[in-house]
Amino acid sequence: MTGAITVKNTFISTDVVCAKFFGSFVLAGVGGILKIFSLTSNKCVKEIEIFKGHKIYGIQQNKENHILIYGSKSVRIFDFSDSSEDILFTCIASITLEDWIVAAHWLSDGDQIALVTAHNIAWLWSCRNNISSPLKRAVCSEKCILYSATVCGDDWSNCVVFAGTVFREVVVWLPAGSEGDQPVLHRLEGHNGVIFSLTWDWQTRSLCSTSDDRSVRLWNISLLDKRDWKSSKVICSHVFYGHSARVWKSIILEDLVVSVGEDCQICVWSLKGKLLQTFERSTSGCQWSIDYSSKFNLLVTGAGDGSIQLIPLTLPLKTQAVLSVSYPDCIAQSTLAPTRKIILLSSGCIVAISDDGSLLSGYPGIPSTWTVVCRDERFANYCLLSVGSTRTSFSLASLNGFVALYEGDSSNSISKVFEQKVEDGKIWSLLWLSKNEILVCGDEGRLMIWQLSQREDVSSGRKLTCIGKFRLPRARERWPTCATLVTNNNEKFLLCGDRCGSVHLFTLNQSLVEEQAVPNHSLSKLHGKLGVTSIQNIKNQVISTGRDGTVRTLRVNQKSLQVSVISTDKMPMDWVCTVLCPSRSMEYILIVGFKETNMVIWSTEERRIVLQLDCGGGHRSWDCIMSDNRSLEITFVREKCMFYTSQDLEELMKPTLLNGISPRELNCLSSFHSYPSALLFGGEDGTIYVCKFSEDHSVLEKRITLTSHISSVRCLSTHGNFFFSAGGRAQLKAWRFELDLENEITCVEEASHMLKGERNPRSPPSIDPEMRYMSICSVPNEDDNSDVVQLVAGYSDGALRWLTFDSTSKTIQVNGESMFHGKCVLKLFAVQLPTDKVLISTATDGRVALWYLVPEMFEASNSVREPFWSTRSHQSGVNSIHVRLLPATEGTILLLASGGDDNSVVLTALHIHSERVSVVAEWSSSSAHAAQVTGVWLIGDLLISTSIDQRLTFWQWSLSGHESVLIKCQFLHQIVSSIPDIQDMKIWQEKSNLHICLVGKGVQTFSLPFNEDLKPC
Amino acid sequence: MGKTSKDKRDVYYRLAKEEGWRARSAFKLMQIDDEFKLLEGVKNVVDLCAAPGSWSQVLAKRLHKDGTENAKIVAVDLQAMAPLKGVIQLQGDITQVSTANAIIDHFKGESADLVVCDGAPDVTGLHEMDEYIQAQLLLAALNITTHILKPGGSFLAKIFRGKDITLLYSQLKLFFPKVTVTKPLSSRNSSIESFVVCQDYSPPSDYVPNMSNPLLDHKYTDWNQLTGSNRIIVPFLACGDLSAYDSDTNYPLELEGREPYLYRPPVQAPISPPYEESVHLKKSKGLGKCVEPNMSVEETVKSVEESVATLHLNKDLKP
Ligand SMILES: C[S@@+](CC[C@H](N)C(=O)[O-])C[C@H]1O[C@@H](n2cnc3c(N)ncnc32)[C@H](O)[C@@H]1O
């Protein structure tokens, strides 16, 4: 590796603190990079690096299409021009101040700008000819630190500064006074904490402040004249409490205030302080920024997970706003009994059954179309009304075993197809499995699948034949609430969910019609004790929902005859009821559920609730379908009345402009040898994110989120197709990674283990449940396909433990431990030497230890293990290690790189030969990083290190000499990253490029050309 | 989670309660002092950002050895702090000039031997900004220090070792020939917090302390680059004796060589948080309701409770 290093930033995702509308574009800062999105294509059309290493905090435009971008102590001004081919973004001025900029404002001449900095100082600058000093500087007599400010006025002489302080006040002052410090004009008191943002609106003459105290305050300013601030009066007109954490920002619209906060919420308020709507973006974390476009009636937010989302500004639907469906008078008079159940057919008509056994149908909004199809005493007071998935056929089932099938055609004509008594007693449930198969449950959990003969058989008439008999296990409520058929390798299965939350699997075996088969496998209480609400087979994925508020993906294994849970997603609702899928395509699904009295619809694409409708709660009869013209049709019964609404999906949902990764810090990353573009990230939020880079590494797609850890995920390790994740609350999980033919990833949880025993919380707590896994590594194995994986884990109680994961029995076992470190263990690394396997472990006391990994460690728990070598190479915690093996005449040279809490990077060359170790050379530097070194990597002759100081340093190392070996390590290059709190780094080579991925509060990747032929170590 | 879980998670939290310290931070000052002997011979000391007061407790304990109050301890914080024997207390924002002047007034004709500052802002989660505000707290503390510290005196302050920390180092180096960054064992390995120990105060000969302008942090220059090999990085020294407890390690509740474990409540009730009112409202289901601006917490909560009650009434009245 010689010559200059050119490192390219290929990808970044981190907090988006600023996103703004600009005509039909959205401009957003991701770290120091400005991304421009077009609202016509909803794609990023341009990217420009504005600042190196620091974030973009604000974007302001003026009438001349000049765009001012500020962040930290810098301001840059650009000219924006948009031709049909390209967007030109030309820098016309750059200013650097000595203080942090908290506000920037264009004055009306289009050339001057007013800035406010963190020490309550206002500045006047001209952006013409890149002037190098300010035109004016004004200091307020109140000298203190500001968290926020805003300026208004069209000319410096009538500018007003609103300044948000630490001591709970908003200080108002005029910068254009006489010489000396400017007096304070008003002190706005009322907040109980730091003021995080201030927004001024001329139209309403109001100021909106947001604070640490979780409130938003609206202040009204009475001005006799636009320029006469001296005689102005301020009153606090309203205080809005609605956020459950700090409020970061707000905007004032004509008659609304929109605020965003740390609680993932976007709150929409009336100017009178009434909370009209909340949008919750729970998986995207802090909502840092908000802007509104009246042209598009859209909001745009930037969030802590790095996502940028468009949201149509809609208010929740009140029942009053929904069409109430009424019968024509003639029907209303004869049918006095209240409506019991309703369903929607694909033709758009509603079918209703009332308590007296009347079956009615008609179109919402057109009373004249309503007719009474029939009135049948047998279906009075008790009737199950169920509809098939194609929404053309439906059925009635009665208390004494009758089933009647109906069909509706495209016009509103309903005809009875067939009727049969299938049970002696009560039908407890009737579920449609396909166009012509139904599942009927009688007494004592007796289940029968009935097949309806095809229409063509007119001669013999249509009839039902039983094609399968099963029995549900004994339970309090022994009937299915949902069922689906699954075909797997030509074998057919029935999966059904019940009122007790369990899911049962049955094999459909033609020859066994006479016997009542018991489940082959049951997942007891999978959806909690309140019940499973739906189970569907959507494009080869079995998805179940339940009253535990979760959506789960299941898989049927036709060999072992078992159902397993592939993923679980907790929804922000009390109950999840069903899943809707837009016809055929699987780009997204909608999840329908209830939260308090609201029906809520959640979009998996936007990961937020896109519609809320107050319909009185989920116990009522309701139905919801997605119709072909991409609209959502909802009907429900409330207080004995029927209601209906149709909502255009286009109006409810908008694409995500930029996807995020994790709302919290990421602690670790890992990848698979066989599939390097897939990355695993483990986070503070307890989630594992399985992501994949696009071909050119510019897009990281989030494929799967695994959320079953109960606490943070601190470490990951891959082994063949398995991977292991561990972290807080002494929890460790084993997963299997699978790729299907279309390169779609699935991850299956194979085992979950907690040191004190997951299932038996009453066992004596010999091991502290507050203990954390700090690091885990698998022992390299020649035979990747072996059934047993050996693992070593390091813990916060100072122990190393030897574990095994048995992939056949799906169990994790602890075999033994060593308390050698005694202090919190930080990092582990296992390496295969020509003859031995060696483990390197580090701890918070700066110690590094080397161990031989011997098979006996992973057998019975027995003898005490000791490292064969150890030293204290750092003053305090060793946060990162990496190793490279070098051939030696005898034995091996192990080159060990380590990075510590003490800022230093250390290289140690160890000679290992037949159980003997000697340090042959050492090198260290503590001048490259100014904070904890949290990543080191050795590749080719490069040593790469990174740290919380956000620097990435490249060194070139060499070993020389024979008798006495010398390490030289030369500083080559350093760059700055935009990712705060870097916790881990991973480097891999693809073709002739080296890719470097850093994780912390966000993810950033760099690439550089790298030509050396590498032998994997 | 049980009430002992925090004791299990954090050995220093638990030790602080056992030894009567108001916060676990007490151990940080003690460990730093054990290493750097900052309190030796100190007569006058300022404790900036002192609430809830554990550093003041350590100062009082170590300086007022035989119960005599022969050292002057001035403690300042934004938050109110429960009284402490032998400690003069001021409440205010240390970045505000009026607070600074009030502190300086206490040292008319005298000088301080040591200034300590354990200040930490309300972190937003935007590291860059948090680091900046933290640096401004430190610079405000330094500015106050330049008015009262005697030549040769010491300054100890909390820093966030982040992206721009070298700018602070170069600043401190102007006033103190000896600057060391240290991290006591009682401060977590994973935390970005560290401390700078600045010794032998010797301001530039032409330096005139000035309260009317804030001290601003430095810019990146050729001799202190943004990136490269010319960055000002001060030496690091870990402190706390190796036998001391490590704050990242989980220890069993029964500690070797100590009395049997007994759960103890915190020494000091926590300071009421700024969001107290919001929490009250949430409890009374009043979030999202309109609130009158000029009411006290109690009044607001009461009025919301009433309006919620009427809501329920209306519901019941419906058929
Ligand atoms: C970590 S605590 C100090 C703990 C203290 N040393 C002890 O041992 O009890 C940080 C303190 O800094 C205070 N603080 C933050 N910003 C301040 C400011 N601008 N002026 C004064 N105090 C401030 C906070 O109120 C908080 O009490």
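**Entry 1: helix H4 of chain B**

I looked up which residues of H4(B) are buried in this predicted model, and the list reads B:Ser54, B:Trp55, B:Ser56, B:Gln57, B:Val58, B:Leu59, B:Ala60 and B:Leu63. The helix spans residues 54-63, and eight of its 10 residues are buried, so H4(B) is largely enclosed by the rest of the structure.

I then checked what covers these buried residues. The cover includes one helix, H3 (26-36) of chain B. It also includes strands S1 (44-48), S2 (72-77), S4 (112-117), S5 (149-160) and S7 (193-199) of chain B.

**Entry 2: extent of the contact between chains B and A**

I looked up the residues in the contact and noted 90 from chain A and 75 from chain B. The buried area between the two chains comes to about 6600 Å², with carbon and sulfur atoms giving 53% of that area.

**Entry 3: pairs across the interface**

I found a count of four salt bridges between chain B and chain A. I noted the one between B:Arg161 and A:Asp901, where the closest N and O atoms are 3.1 Å apart.

**Entry 4: the side of chain B that touches chain A**

I listed the elements of chain B that each supply at least two residues to this side: helices H1 (5-9), H6 (127-148), H7 (165-175) and H8 (276-283), and strands S8 (236-239) and S9 (290-291). H6(B) supplies the largest share, six residues. Sorted by class, this side of chain B has 34 nonpolar, 23 polar and 18 charged residues.

Note on methods: Residues are numbered from 1 along each chain as its sequence is written. Chains are lettered from A and ligands numbered from 1 in the order in which they are written. This is a predicted model: local features need pLDDT of at least 70, side-chain atom pairs count only at pLDDT 80 or more; totals for chains, interfaces and linings use all residues. Side-chain values use heavy atoms; hydrogens and water are left out. Contact means heavy atoms within 4.5 Å. Buried area is the accessible area (1.4 Å probe) that two parts lose on being put together, summed over both. A salt bridge is a side-chain nitrogen of Lys or Arg within 4 Å of a carboxyl oxygen of Asp or Glu. Helices (H or I, at least four residues) and strands (E, at least two) are DSSP runs, numbered from the N terminus. Ala, Val, Leu, Ile, Met, Phe, Trp, Tyr, Cys and Pro count as nonpolar, Asp, Glu, Lys and Arg as charged, and the others, Gly among them, as polar. Buried means under 20% relative accessible area, exposed over 50%, partly exposed in between (1.4 Å probe, protein chains only).
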